[in-house]
Amino acid sequence: MNTKVELCGVTLDNPVIAASGTFGYGYEFAELYDVNCLGTFSFKGTTLEPRYGNPTPRIAETSAGMLNAVGLQNPGVERVISEELPRLARVFHKPVMANVSGFSTEEYAEVCRRLDGEAQIGWLEVNISCPNVHGGGMSFGTDPKLAAEVTRAVKAVTTKPVIMKLSPNVSDIAAVARACEDAGADGVSLINTLLGMRIDLNRRRPVLANTTGGLSGPAIFPVALRMVWQAARAVKIPVIGVGGVSSAEDVLEMMLAGATAVEVGAANLVRPLACKEIIDALPETMARYGIETLSDITGGAREWEKT
């Protein structure tokens, strides 16, 4: 069975990518298994300056998923370059995906500019679910014009493929995906977490100190699959499917909907070996469904529309 796929000109051994925020900088998971079995992984969301994140509690369980309001805790781009990447290079010997966050167009561009010079970084995944501090707090990813603005700014200062990570908290995901493509994006990844909350009945107040948080896990898989389907129909650039993926079967569904590669997020927090288990199960699962070359099935579920 051939599990190789090509993402923005880079060949991956398989389409399984550990999602940002669930895999740290890789070396923690390297203590459990050889992380080089991954297609790649997207490291922890990185901002220009260090961030300590939101107050606790900032994680909560919910039915078929979890809520998080970590708040982009990270050491800042300079320490990522000087400390985290050298440690990562000792355990991971493939191109890695850098996840970038920001609170202004200028911050996104500056972080990407600095990371662009690092040899081990193969792609820049730009998370546009962050609030635009110059636009009243609205997420860049909820407005096609703002999404395009960030895309153009990042592309102007980088040479590596740029993948825009889209917010699901929109009415028309296809419009945002098209705006990113038109502005020069090399790919899109979706979805980020859905906005949710829980209330503590004993304390009669929200469970999370931040009140709301991002919902991830199996509960959001059907929503993510639907949005991947819609985005893949709207653009010609590669789509990475993210959201609730926890099995080899889920990977196949995402690819049939139009994904070139698939990110695994919350499953890593529940089952630390989740990515390895999914990769190990792919050949047998492909055989069960009569698939010899995995890259051939991308968008395969849309074939019926042509008849």
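In this predicted model, eight strands make up an open sheet with parallel pairing, arranged in the order S4-S3-S16-S15-S10-S9-S8-S7. At its edges lie strand S4, residues 40–41, and strand S7, residues 96–100, each of which pairs on one side only. Strands of a sheet pair through backbone hydrogen bonds, either parallel or antiparallel. Strand S3, residues 16–18, runs parallel to S4 and is joined to it by two bridges. Ala18 has Phe41 of S4 as its bridge partner.

Helix H5, spanning residues 221–234, packs on the sheet, where it touches strand S10 (187–190) and strand S15 (239–242). The direction of H5 makes about 170 degrees with that of S15.

Another helix, H1, covers residues 77–89 and bends by about 35 degrees at Glu83. A proline, Pro86, follows this bend within four residues. The buried residues of H1 are Val77, Val80, Ile81, Glu84, Leu85 and Leu88.

The interior can be considered next. In soluble globular proteins, nonpolar side chains tend to be buried together. Here the largest nonpolar core has 95 residues, and the members that touch the most others are Phe43, Ile128, Met164, Leu166 and Leu190. Helix H5 gives the most to this core, contributing eight residues. Ile128 illustrates the contacts of one such member: beyond its neighbours within four places in sequence, Ile128 is in contact with Tyr108, Ser139, Phe140, Gly141, Ala147, Val150, Met164, Lys165, Leu166 and Cys180. Among these contacts, Met164 and Leu166 are themselves listed with the core residues that touch the most other members.

Conventions: Residues are numbered from 1 along each chain as its sequence is written. This is a predicted model: local features need pLDDT of at least 70, side-chain atom pairs count only at pLDDT 80 or more; totals for chains, interfaces and linings use all residues. Side-chain values use heavy atoms; hydrogens and water are left out. Two strands pair if DSSP finds at least two bridges between them. Contact means heavy atoms within 4.5 Å. Axes are lines fitted to C-alpha atoms, for helices over the stretch in contact, and angles run from 0 to 180 degrees between N-to-C directions. A nonpolar core is a set of buried Ala, Val, Leu, Ile, Met, Phe, Trp, Tyr and Cys residues joined through side-chain atoms within 4.5 Å. Buried means under 20% relative accessible area, exposed over 50%, partly exposed in between (1.4 Å probe, protein chains only). The bend at a residue is the angle between axes fitted to the seven residues ending there and the seven starting there.
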